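Subject: Structure handover

Hello,

The structure is below, followed by notes on what was found in it. Please read the notes with the coordinates open.

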Amino acid sequence: MVASVLNHPDREAAFEELLQPERAPDSAPEQRVVVCGVSWKRYLDFDKKLGDDRPGPRLYYLDGELEIMTTSNEHERIKKWVGGFLEDYFLEMGIEIYTRGQATMRAPLKQAGAEPDESWCIGSEKKFPDLVLEIALTSGGVSKLEVYRRFEVPEVWLWRRNKIEIFVLTGSRTYQTRKSRLLPELDIDLVERCRRMDSWQQARLAFRARLAESR
């Protein structure tokens, strides 16, 4: 397909390789495709056709662009580790949360739809979450920050290149910060260090021990 568009059939393999999503260092990639010119109704019909309670793929929609994404074992592992650290923190700090997980978010008037990796309402239950976690092992796809800005999600965390990138979304303004506005006392470096450990058990124990020491 790529070769026919570019009119170089003998270079098909090279073109296909160059147009693969960029892979972050030392990570297994997700697989994603973006389809343009998809109406809101077709997006809903496609989602319905895939069925309820499916393990995948994940769908994101923004202004007629539909991203269809499947996740890898590495993607799911990072999601569970980082999400687990956050829930340990909520418990240790006595922060009431309402877990939203991957619950589908839709806003037809804002032409946006999402299925986040993990999400939480903090303090009280709301229509849309206060905090969203997304694991980004490859680049490309629709703009997740713009999607969540339309849902008025105040904070989005991206795990990218073995680091947490925190984005604060306020109205039309989006800016990156190293310290969470929602969880200002959380040591982001600690989360990153524990995530890079080889053992899940050692990582959780180290994270909890450090939280207890800081109280």
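Strand 7 (residues 118–122) and strand 8 (residues 131–135) pair in the antiparallel sense over three bridges; W120 has L131 of strand 8 as its bridge partner. Two strands count as paired if DSSP finds at least two bridges between them. Helices (H or I, at least four residues) and strands (E, at least two) are DSSP runs, numbered from the N terminus.

On provenance: this is a predicted model, in which local features need pLDDT of at least 70 and side-chain atom pairs count only at pLDDT 80 or more, while totals for chains, interfaces and linings use all residues. Residues are numbered from 1 along each chain as its sequence is written, and side-chain values use heavy atoms, with hydrogens and water left out.

Strand 8 also pairs with strand 9 (residues 155–160), in the parallel sense and over five bridges. The bridge partner of L133 there is W157 in strand 9. From strand 8 the chain passes through helix 5 (residues 144–150) to strand 9, a β-α-β crossover that is right-handed (with the strands pointing away from the viewer, the path from the first strand over the helix to the second runs clockwise).

Five of the five residues of strand 8 are buried (under 20% relative accessible area; exposed is over 50%, partly exposed in between; 1.4 Å probe, protein chains only). L131, L133 and I135 point one way, V132 and E134 the other.

E115 sits in the loop between strand 6 (112–114) and strand 7. Its relative accessibility is 7%, so E115 counts as buried. Leaving out residues up to four places away in sequence, the contacts of E115 (heavy atoms within 4.5 Å) include D47, R54, Y60, E134 and Y148. A polar atom of the E115 side chain lies 3.4 Å from the backbone nitrogen of L59.

Helix 7 (residues 200–214) has 15 residues and spans 21 Å from first C-alpha to last, close to the expected 21 Å (1.5 Å times one less than its number of residues). A203, R204, F207 and L211 are buried in helix 7. Viewed down the axis, the buried residues fall within an arc of 95 degrees, so they line one face of the helix (the arc is that of the directions from the helix axis to the C-beta atoms). They pack against helix 4 (73–93) and helix 6 (188–195). On the other side of helix 7, Q201, Q202, L205 and E213 are exposed.

Regards

How values were computed. A polar contact is a pair of N or O atoms within 3.5 Å; within protein, one must be able to donate a hydrogen and the other to accept it, and residues adjacent in sequence count only if both atoms are side-chain atoms.
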